[in-house]
Amino acid sequence: MAEEHLDVLTKSGHKTGISKPRGDVHRDGDYHRAVHMWIFAENTQQLLLQRRADCKDSWPGLWDISSAGHISAGDSSLVTARRELQEELGIVLPRDAFEMIFIFLQECVINDGKYINNEFNDVYFVTTLDPIPLEAFSLQESEVSAVKYISYGEYRSLLAKEDPDYVPYDVNGQYGRLFDIIEQRYKENTVARSLALQKQLRRYASVSLNAELTGVTDADREALVLLVKAATIMDEIFNLQVWYSNPVLRDWLKEHADASELDKLKWMYYVINKSPWSCLDEDEAFLTTADSAIKLLPEATQQVTGWKGLEYRAAFPMLKPPGANFYPPDMDKKEFELWKDSLTKDKQDATGFFNVIKRHSEFGLELFLSNDRADVTNHFVDSTHDLCIVPFSQEYNPFLKKAAELLCKAGDLTSSSSLKRLLHSKANAFLSNDYYDSDIAWMELDSKLDVTIGPYETYEDALFGYKDIVTVSEANGESSLQQNATFEAFIGVRDDKATAQLKLFGDNLRILEQNLPMDSIYKSEDVIAAPIRVIQLLYNAGDVKGPQTVAFNLPNDERIVNDRGTSMVMLKNVSEAKFKHILQPISDVCITKEQQELVDFESFFTHTICHECCHGIGPHTITLPNGQKSTVRLELQELHSALEEAKADIVGLWALRFLICQDLLSKSLLKSMYISFLAGCFRSVRFGLQEAHGKGQALQFNWLYDKGAFILHSDDTFSVDFSRVEGAVESLSREILTIQAKGDKEAANLLLQKYGKMTQPLKIALQKLEKIQVPVDIAPIFPIANKILE
């Protein structure tokens with residue numbers, strides 16, 4: 001049998017592209033990867049240990065980790081962990097049983113210098129309710145001679161004393177995290193935790209959002225019932241897009257919400273965040289796997305008389321996975337880039353917003369673990385690369401098929417021809433995975449009942465900050481770069497009066513582009529005025545977690561943006577709720593008394609409109625210094641979202657002043673828009689600097705403060721210096737627009753590092769708001785939709 005080959009890594013853990021036989025790796029001290037799997041029994045607080053076989057070349061006969069193994073060359077971490085557990089102990093577990101808790105670098109020399117172990121270990125934690133009966137294990141004699149359970153406290157003591165019967169680990173070093181995690185997870189104070197969740201919940205003001213249905217035809221009211229039901233399916237898909245165990249976590253928390261006050265609070269806060277990670281706390285976990293669903297696997301091990309089978313907790317990581325559930329959780333950038341570079345042109349054409357990336361080996365592993373050995377080797381030994389593309393239409397087929405049926409029926413009912421076209425084309429898109437026609441239909445929607453439904457926003461996909469896949473247009477040979485989109489839905493009633501008033505912005509978009517504060521060579525001649533629709537929101541679903549949007553500018557598909565531009569939807573009742581419950585109280589505390597009266601809803605809402613308009617101007621498709629065509633999104637990668645939000649904000653302020661100077665807007669807005677913007681800075685930064693809007697807002701505040709446009713007074717209130725603010729706004733607009741036009745990622749990084757951070761003036765404002773507990777955002781309640789769903 002050929003000796004196992006391992007990938008050789010650098011000292012920082014990156015693949016070198018070289019693989020060597022396992023024996024040579026340990027002889028030469030090469031860095032490589034392995035997996036550690038710990039099985040923990042929750043009810044007895046015990047860890048499972050295995051005794052290494054006497055024939056092992058390292059630590060023979062000593063007690064060690066539940067299961068472990070090298071990651072063979074070309075293999076992945078989680079697939080290896082699942083396979084090793086089955087081979088060594090005879091335990092077959094699905095991927096949602098494994099929680100990646102940390103990476104441990106083990107560097108040691110044993111066997112008189114003949115065995116050098118420089119190993120990066122992916123450490124996994126499996127939580128079972130009770131100990132697995134010892135007779136349920138099937139031990140691999142060449143690897144394991146025995147297993148036993150031991151309390152984690154006793155095991156830690158034995159390691160601390162360097163007991164000779166146990167493989168040594170430094171419990172005061174990196175590996176001490178294992179015991180710290182168990183301690184924190186199971187020793188916490190219930191009362192303290194309830195108080196912490198109550199405090200987190202108080203940051204959201206519960207607001208009932210109603211909309212007047214006058215003007216909605218009877219046919220559209222019938223269609224509305226089906227549309228709300230279709231929107232709830234977007235929730236189901238989004239839950240799965242966030243993380244693969246998220247749907248069962250949601251169901252478990254809902255089912256047990258009445259068990260205790262703490263369980264009720266867990267469920268309430270989960271409903272807002274739609275995951276175990278808190279949006280307002282830079283995605284810090286407020287739940288752990290110990291709070292998660294219990295699942296029963298009767299056939300995970302050998303059958304034991306009188307034992308119903310293995311019960312485990314569906315796991316999720318403490319750190320929010322940057323790639324969400326769009327990529328294999330153990331995929332690294334090097335693997336992805338090698339695969340991407342290997343794609344043929346037709347495969348590149350198939351990638352984009354609307355796909356997930358999976359492993360061939362996962363499919364093979366399922367056969368392996370189910371003991372179906374037929375052709376299993378072919379699944380593990382893929383021709384070249386393990387990654388593959390799966391379209392949304394296949395990945396979420398049961399959900400999308402049901403949603404498509406509802407949209408088709410609603411389309412048949414509606415009295416609006418443009419809404420009928422949208423719903424029928426969107427239903428087709430759900431099944432074909434081609435969203436171009438349905439997005440055009442959405443842009444051209446002219447209906448009292450306003451509907452946005454499907455995969456749009458890309459913020460959840462943060463693995464690279466962008467989807468690192470190139471799509472090639474055969475027509476012009478240009479490339480663009482995409483992110484994975486999350487599913488969402490917004491259903492509302494169009495506010496005809498407000499929509500008519502906003503025609504001004506769309507009509508002047510070309511003029512704004514030509515007057516932008518940047519060099520003329522970067523300005524576009526092809527700006528398309530973005531239609532603006534103002535609606536009163538009836539219901540939203542899917543990717544609408546945490547802070548609520550007041551507007552959106554879609555689609556994000558660069559093909560459509562280049563061909564047709566974008567359309568805007570403003571959620572007026574959401575804006576009104578935020579102004580009343582958040583911005584006004586912020587102003588009362590943080591703005592000087594002399595300028596407080598200048599904060600008003602008109603300026604707040606007008607700037608929101610202008611922000612969305614300004615997404616449609618400025619650089620999008622750009623020409624690099626070498627003459628190559630590209631996009632801002634492609635070049636700025638993970639920095640794109642924060643910089644684009646900052647651009648839309650600050651250029652929005654510049655644009656308002658320009659329109660006022662052209663006598664197209666009232667001069668009464670001139671001062672109030674700057675004061676309202678200042679108060680809005682404190683509102684947005686409270687979302688957290690991990691979030692694109694929050695980071696972008698910090699950048700703007702700190703720049704304007706640095707230029708003397710914003711002033712902090714001795715009583716810790718702020719004001720605007722009107723003599724400096726216009727110059728500061730224009731200079732920052734020029735800075736951001738020029739960075740985008742050049743695709744200068746290095747300059748973008750320097751700008752965000754210097755200004756996109758939590759500074760002392762921001763801390764002073766946020767501390768004041770914390771003291772008086774001004775809500776950070778709203779948690780909407782939808783009476784009309786809730787009545788339908790009941």
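Author: Residues are numbered from 1 along each chain as its sequence is written, and side-chain values use heavy atoms, leaving out hydrogens and water. Since the model is predicted, local features need pLDDT of at least 70 and side-chain atom pairs count only at pLDDT 80 or more, while totals for chains, interfaces and linings use all residues.

Reader: Why are α15 and α16 called roughly antiparallel?

Author: Helices are DSSP runs of H or I with at least four residues, strands are runs of E with at least two, and both are numbered from the N terminus. The axes of α15 (residues 417–432) and α16 (residues 436–443) come within 8 Å and cross at roughly 155 degrees. Axes are lines fitted to C-alpha atoms, for helices over the stretch in contact, and angles run from 0 to 180 degrees between N-to-C directions. Angles under 35 degrees count as roughly parallel, over 145 as roughly antiparallel, 65 to 115 as roughly perpendicular and the rest as oblique. The pair α15 and α16 is therefore roughly antiparallel.

Reader: Which residues make that contact?

Author: Arg421, Leu422, Ser425, Lys426 and Ala429 of α15 meet Asp437, Ser438, Asp439, Ile440, Ala441 and Trp442 of α16. Contact means heavy atoms within 4.5 Å. By class there are 5 nonpolar, 2 polar and 4 charged residues. Ala, Val, Leu, Ile, Met, Phe, Trp, Tyr, Cys and Pro count as nonpolar, Asp, Glu, Lys and Arg as charged, and the others, Gly among them, as polar.

Reader: What makes α25 and α26 roughly antiparallel?

Author: The axes of α25 (residues 640–661) and α26 (residues 669–685) cross at roughly 170 degrees and come within 10 Å. That angle is why α25 and α26 are roughly antiparallel to each other. Asp649, Leu653, Leu656, Arg657 and Ile660 in α25 meet Leu669, Leu670, Met673, Tyr674 and Phe677 in α26. The classes in this contact of α25 with α26 are 8 nonpolar, no polar and 2 charged.

Reader: Why is α27 called oblique to α28?

Author: Helix α27 (residues 692–706) packs against α28 at an angle of about 130 degrees, with the axes 10 Å apart. That angle makes α27 oblique to α28. The contact is made by Leu699, Gln700, Trp703 and Leu704 of α27 and by Ala728, Val729, Ser731, Leu732, Glu735 and Ile736 of α28. The contact of α27 with α28 has 7 nonpolar, 2 polar and 1 charged residues.

Reader: How do you know whether Leu732 is buried or exposed?

Author: Buried means under 20% relative accessible area, exposed over 50%, and partly exposed in between, with a 1.4 Å probe and protein chains only. Leu732 has a relative accessible area of 0%, so Leu732 is buried. Leu732 is placed in helix α28 (residues 722–742). Leaving aside neighbours within four places in sequence, Leu732 is in contact with Ile650, Gln700 and Trp703. The C-alpha atoms of Leu732 and Trp703 are separated by 7.3 Å, with the two residues 29 apart along the chain.

Reader: What makes Tyr396 buried?

Author: Its relative accessible area is 1%, so Tyr396 is buried. Tyr396 lies in the loop between α13 (392–395) and α14 (397–413). Not counting residues up to four places away in sequence, Tyr396 touches Ile237, Leu240, Gln241, Phe326, Val356 and Phe487.

Reader: What joins the side chains of Asp777 and Lys578?

Author: A polar contact of 2.7 Å joins them. A polar contact is a pair of N or O atoms within 3.5 Å; within protein, one must be able to donate a hydrogen and the other to accept it, and residues adjacent in sequence count only if both atoms are side-chain atoms. Asp777 lies in strand β28 (residues 777–781), and at a relative accessible area of 0% Asp777 is buried.

Reader: Why is Gln637 called partly exposed?

Author: Its relative accessibility is 22%, so Gln637 counts as partly exposed. Gln637 is found in the loop between α24 (632–636) and α25. Phi of Gln637 is near 55 degrees, a positive value in a residue other than glycine.

Reader: Which peptide bond is cis?

Author: The bond from Leu554 to Pro555 is cis, with omega near -5 degrees. Most residues other than glycine have a negative phi, and most peptide bonds are trans.
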